[in-house]
Amino acid sequence: MAKAKQLTVWTESTPAQLGRIARALGDARVNITAFTCGSQPGDCPLRLQVNQHAKAKKVLQDLGLRITEEEVLRVSVADKPGTLAEIGARLGQAAINIEYGYGAVAEKSRRADLVFGVSDLDGAQRALKGLK
């Protein structure tokens, strides 16, 4: 488990926004390694992890987008029932709030990559130490 940098792009929830942003990053040869987005009134957060943070930031700024940067917790864990429950319980026992999370498992993979925005990043790392 490790701290990871994340870019949050604040953009309107309109058709083709994700495609426009992803295309600009792809054209710059920046790989998106994780993302989550949603829809809400006003500006919506598109959270991205990329393989070239500084380059991605410049590309997004050149599109005229508002960007914030955060550190998040990225965890690779066994893909088995109960793992997310254990994470939630450990963080809860440490009084650490999960502000948001996202993740995925590749088909036929035995590992899941999970990303958490938490109230205490260092505390979360300590709480999840030894998790497999």
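Student: Leaving aside its neighbours within four places in sequence, which residues is Cys37 in contact with?

Tutor: Before we start, this is a predicted model, where local features need pLDDT of at least 70, side-chain atom pairs count only at pLDDT 80 or more, and totals for chains, interfaces and linings use all residues. Residues are numbered from 1 along each chain as its sequence is written, and side-chain values use heavy atoms, with hydrogens and water left out. Contact means heavy atoms within 4.5 Å. Once the neighbours within four places in sequence are set aside, Cys37 touches Pro45 and Leu46.

Student: Where is Cys37, and is it buried or exposed, or something in between?

Tutor: Cys37 sits in strand 2; strands (E, at least two residues) and helices (H or I, at least four) are DSSP runs, numbered from the N terminus. Buried means under 20% relative accessible area, exposed over 50%, and partly exposed in between, with a 1.4 Å probe and protein chains only. Cys37 has 45% relative accessibility, so it counts as partly exposed.

Student: How many helices and strands are there in the protein chain?

Tutor: Reading from the N terminus, the elements go β-α-β-β-α-β-α-β-β-α. Counting them up gives four helices and six strands.

Student: What is the order of the strands in the open sheet?

Tutor: Two strands pair if DSSP finds at least two bridges between them. The edge strands, each pairing on one side only, are strand 2 and strand 5. With antiparallel pairing, the six strands of this open sheet have the order 2-3-1-4-6-5.

Student: How many bridges do strand 1 and strand 4 pair over?

Tutor: One example of a bridge here is Val9, whose partner in strand 4 is Ile67. The two strands pair in the antiparallel sense, and the number of bridges is nine.

Student: Which residue in strand 3 is the bridge partner of Thr11?

Tutor: Strand 1 and strand 3 run antiparallel and are joined by six bridges. For Thr11, the partner in strand 3 is Cys44.

Student: How many of the residues of strand 3 are buried?

Tutor: Strand 3 also pairs with strand 2, antiparallel, through five bridges, and Ile32 has Val50 as its bridge partner there. Strand 3 is largely enclosed by the rest of the structure, because its buried residues number seven of the eight.

Student: Which residue takes a positive phi in the hairpin of strand 2 and strand 3?

Tutor: That hairpin has five residues between the strands. The residue there with a positive phi, near 80°, is Gly42.

Student: Where does Lys108 lie, and what is its phi?

Tutor: Lys108 lies in the loop between strand 5 and strand 6. At 80% relative accessibility, it counts as exposed. Although Lys108 is not a glycine, it has a positive phi of about 70°.

Student: And what is the phi of Ala95?

Tutor: Ala95 is in the loop between helix 3 (83-93) and strand 5. With 69% relative accessibility, Ala95 counts as exposed. It is not a glycine, yet its phi is positive, at about 60°.

Student: At what angle does helix 2 run to strand 1?

Tutor: Axes are lines fitted to C-alpha atoms, for helices over the stretch in contact, and angles run from 0 to 180 degrees between N-to-C directions. Helix 1 (residues 17-27) lies across strand 1, strand 2 and strand 3, at about 130° to strand 1. Helix 2 (residues 53-62) lies across strand 1, strand 3 and strand 4, and its angle to strand 1 is about 5°.

Student: Which residue in strand 6 is the bridge partner of Ala78?

Tutor: Strand 4 (residues 66-78) and strand 6 run antiparallel, joined by six bridges. Val77 stands opposite Ala112 in strand 6. Ala78 has as its partner Arg111.

Student: What share of the residues of the protein chain count as buried?

Tutor: The C-alpha atoms fill a box of roughly 40 × 30 × 25 Å, taken along the principal axes. Of the 132 residues in the chain, the share that counts as buried is 37%.
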